[in-house]
Amino acid sequence: MDNFHEEVVVRKRGQALSTLMYWVSWVVAVICALIAASQLMALMNNLSAFSWQGLLVMLLAAGVGFVFYRNKDNLRTEYEYTFTSGEMDFARVMGNVRRKHMFTVALKNVEAGGLAEGQKYLRYQSMKDVKLQDLTLNRDARQVFLFLVKDGQKQLILLEPSDKMMDLMRQSNPRAISFTA
């Protein structure tokens with residue numbers, strides 16, 4: 001039986017601040033680009049009077065503008081969980097423009113899973129050499145963990161799925177995944 005379910009996790013609180021920071025990043029990137037362009041034009045027009053300070057200002061403004069431009073989409077991050085017949089795909093969507101597939105987990109390989117509260121979660125979180133993959137955006141949401149060993153690396157995945165996604169996960173591996181206390 002093929003099951004398919006897809007969810008997108010968006011930030012519920014702090015969207016106004018995130019949007020404001022997004023637009024501030026755009027403004028800073030544009031201002032830095034204009035400064036770099038004007039410095040480049042000044043250097044090109046006055047080749048006989050070369051200025052190291054002008055070159056430094058141009059490179060610095062171009063670098064700062066590029067960093068702000070490149071990282072502006074990180075302020076609008078969403079996570080996408082896709083369940084397909086016992087496998088979960090995780091992706092990060094930045095600014096509704098760039099989608100980056102992160103990894104795929106076969107739920108039959110999950111050794112433990114449940115609500116991210118209590119002793120069971122703390123035991124896995126405190127293990128040595130555990131790589132935590134935090135795919136949550138909302139602190140007050142119900143969080144779920146999945147623990148597995150993939151390629152010799154212990155992984156602890158933290159996510160915030162809906163009830164339907166939790167049911168599908170539980171059905172895929174009822175031996176290891178339990179959402180009861």
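Student: Is Ser85 buried, partly exposed or exposed?
Tutor: In this predicted model, Ser85 counts as partly exposed, because its relative accessibility is 39% and that class lies between under 20% for buried and over 50% for exposed.

Student: Where is Ser85 found?
Tutor: Ser85 sits in the loop between β2 and β3 (87-94). Its phi is near 45°, a positive value in a residue other than glycine.

Student: What about Asp129, where is its place?
Tutor: Asp129 lies in the loop between α3 (119-125) and β6 (130-134). The phi of Asp129 is near 65°, also positive in a residue other than glycine.

Student: And is Asp129 buried or exposed?
Tutor: Asp129 counts as exposed, at 58% relative accessibility.

Student: Changing topic to helix α2: how many residues does it have?
Tutor: Helix α2 has 20 residues, 52-71. From its first C-alpha to its last it reaches 28 Å, close to the 28 Å expected at 1.5 Å a residue.

Student: Which residues of α2 are buried?
Tutor: They are Gly54, Met58, Ala61 and Gly65. Seen down the axis of α2, the buried residues fall within an arc of 75°, so they line one face of the helix.

Student: Why do residues three or four places apart point the same way?
Tutor: An α-helix has 3.6 residues a turn, so residues at that spacing point the same way.

Student: What covers that buried face, and which residues are exposed on the other side?
Tutor: The cover over the buried residues of α2 includes α1 (15-45). On the other side of α2, Trp52, Gln53, Leu56, Leu59, Leu60 and Phe66 are exposed.

Student: Next, the largest pocket: what is its volume?
Tutor: The volume of the largest pocket is about 190 Å³. Its lining includes Val10, Arg11, Gln15 and Asn96.

Student: Which element gives the largest share of that lining?
Tutor: The largest share, three residues, comes from α1. Both α1 and β2 (77-84) supply at least two residues each. By class, the lining has two nonpolar, five polar and three charged residues.

Student: Last one: where is Val105, and is it buried or exposed?
Tutor: Val105 is in strand β4 (residues 98-106). Val105 is buried, because its relative accessible area is 1% and the cut-off for buried is under 20%.

Student: What does Val105 touch?
Tutor: Leaving aside residues up to four places away in sequence, Val105 touches Gly86, Glu87, Met88, Phe90, Val110, Leu148 and Ile157.

How values were computed. Residues are numbered from 1 along each chain as its sequence is written. This is a predicted model: local features need pLDDT of at least 70, side-chain atom pairs count only at pLDDT 80 or more; totals for chains, interfaces and linings use all residues. Side-chain values use heavy atoms; hydrogens and water are left out. Helices (H or I, at least four residues) and strands (E, at least two) are DSSP runs, numbered from the N terminus. The expected span of a helix is 1.5 Å times one less than its number of residues. Buried means under 20% relative accessible area, exposed over 50%, partly exposed in between (1.4 Å probe, protein chains only). The arc is that of the directions from the helix axis to the C-beta atoms. Contact means heavy atoms within 4.5 Å. On a 1 Å grid over the protein atoms alone, a cavity is a set of points where a 1.4 Å probe fits but cannot get out, and a pocket is an open set with protein on both sides within 12 Å along at least five of seven lines; lining residues have an atom within 4 Å of a point. Grid points are joined across faces, edges and corners, and a volume is the space filled by probe spheres set on the points. Ala, Val, Leu, Ile, Met, Phe, Trp, Tyr, Cys and Pro count as nonpolar, Asp, Glu, Lys and Arg as charged, and the others, Gly among them, as polar.
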